[in-house]
Amino acid sequence: MIALVENGVSHGEPSVVETLQKTVSASRLNCWLQCRLKFYFRYVQKLTKPKTAALHYGSVVHLVLQQWNLARWRKQPFELAKLKQVFETGWLDQSQINWDGEEVEQKTSAWNALEKYFTETPIKANELPEAVEVPVEADLSGHGLPVLIGVLDLVRAGGCIVDFKTAAKTPDSDMALHQNGVQLDCYSVLYRESTGKRESGRELHHLVKTKVPKVIITPAEPMLEYQRTRLFRLMEDYVDGLDRGDFIPAPGFGCMGCEFVRECRKFDGGRHA
Amino acid sequence: MITLEANYSKKIGLPGYSSHQFSVTLKSELTDIAQAEKESARLYDVLQQSVDRNIQQIGFLPGEPAKTNGNGHTNGNGHQNGHGQPKPESDKWACSDKQRELILKITEEHQLDKTKVDQLAQDRFGKGVKLLNKLEASGLIEELLEQTGQTKPRGQRFQKAGGAR
């Protein structure tokens with residue numbers, strides 16, 4: 001175990017790492033894969049940073065889509081004015097966001113993207129969802145793994161898992177599935193564990209915030225056995241890596257949007273011998 | 001001297017979303033570790049028989065007393081056989097124990113009408129509360145939390161389960 005971890009865990013909060021080993025989520029696994037030092041700052045040291053403009057944009061879009069899905073689940077009629085109200089209220093729920101003078105533009109873009117989605121969505125107005133924004137967990141202790149936790153954005157009628165995304169650029173389908181593979185596979189495991197059924201498919205619904213907004217639907221097959229195995233191996237690495245304190249930085253393109261880039265630059269490697 | 005301590009506990013569902021549980025603990029002293037396996041099996045038998053025999057006395061039930069019809073079925077959510085003993089199969093919930101407890105807790109704490117909660121499950125999923133799988137039960141819990149003003153932001157849903165997502 002490197003000294004940084006000894007400092008961060010032994011002299012800090014010894015229970016943090018143990019707690020992180022008890023459960024795991026797609027967000028944590030993705031962060032773990034992206035950069036273990038970022039994981040350390042975010043989940044072990046629990047450093048908090050102000051919400052970014054992009055995160056707020058995505059949160060408000062998700063909030064509106066959640067209400068739209070819930071309305072269908074409750075068999076209520078589609079009312080754009082109500083959703084606009086949800087959007088307005090959600091947008092106001094912010095603090096310390098650095099908009100760089102672009103808040104109005106971003107707000108308009110977010111609503112335009114939602115309107116575009118409501119026009120082009122493949123989901124019919126009378127399609128009743130199987131689940132909307134439900135927290136679920138899968139006990140994987142039988143595999144020697146932590147409990148997998150997650151919130152499913154939407155499960156369409158018939159068992160198709162949908163995850164909503166906002167993106168600045170039009171995504172390439174293959175790359176989108178590759179980049180979101182961990183998340184989709186986590187959702188498949190969660191769905192199967194909580195229903196006893198195999199999902200009928202997975203879909204990424206991208207709301208693209210270009211000047212003229214776009215909606216890109218990327219379908220994927222149900223999770224295959226090798227994908228499940230790969231996910232479980234990643235979880236093993238997560239648990240073992242936490243044990244070892246593998247909090248090493250991974251400089252690369254991901255650093256461009258990393259909120260811990262300043263802390264990372266000061267990072268001395270963690271060896272204080 | 002080796003001390004062997006064994007505990008057997010059982011919890012069963014009862015009509016009207018209620019339940020009761022009983023546990024018995026026994027200590028036994030052994031002179032030789034080789035006796036442990038045999039003694040452990042004996043204690044298990046004794047404890048299980050004891051708990052099973054006693055837990056059949058369901059005692060007080062909240063709300064109306066369960067009335068049996070000619071077929072031995074109660075008017076509540078549970079079933080009873082001709083001897084007034086609960087049938088465990090009919091009291092099983094398809095969701096997890098944790099979800100079951102949470103649904104019961106919200107229902108009790110907010111004095112929700114159990115029939116309406118069951119009707120809500122029927123409306124949303126086409127089946128009663130006890131038949132909801134874990135995904136469906138989670139959806140029902142979210143709905144009940146919203147109805148009772150306890151909805152949590154997305155990032156805090158798993159706070160109890162062990163921290164940030």
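A quick note on terms: strands (E, at least two residues) and helices (H or I, at least four) are DSSP runs, numbered from the N terminus, and two strands pair if DSSP finds at least two bridges between them.

Before going on: this is a predicted model, where local features need pLDDT of at least 70, side-chain atom pairs count only at pLDDT 80 or more, and totals for chains, interfaces and linings use all residues. Residues are numbered from 1 along each chain as its sequence is written, chains are lettered from A and ligands numbered from 1 in the order in which they are written, and side-chain values use heavy atoms, with hydrogens and water left out.

Back to the sheet partners. A:Glu137 has A:Ile149 as its bridge partner in strand 3 of chain A. Strand 1 (residues 23–25) of chain A runs parallel to strand 3 of chain A, with three bridges; there A:Thr23 partners A:Val147. Strand 4 (residues 160–167) of chain A is antiparallel to strand 3, again with three bridges, and those two strands form a hairpin with three residues between them. In that turn, A:Gly158 has a positive phi of about 95°.

How much of strand 3 of chain A is covered? Nine of its ten residues are buried, meaning under 20% relative accessible area, with exposed over 50% and partly exposed in between (1.4 Å probe, protein chains only).

Now chain B. In helix 3, B:Asp97, B:Lys98, B:Glu108 and B:Glu109 are exposed, and B:Gln111, following the helix, has a positive phi, near 50°.
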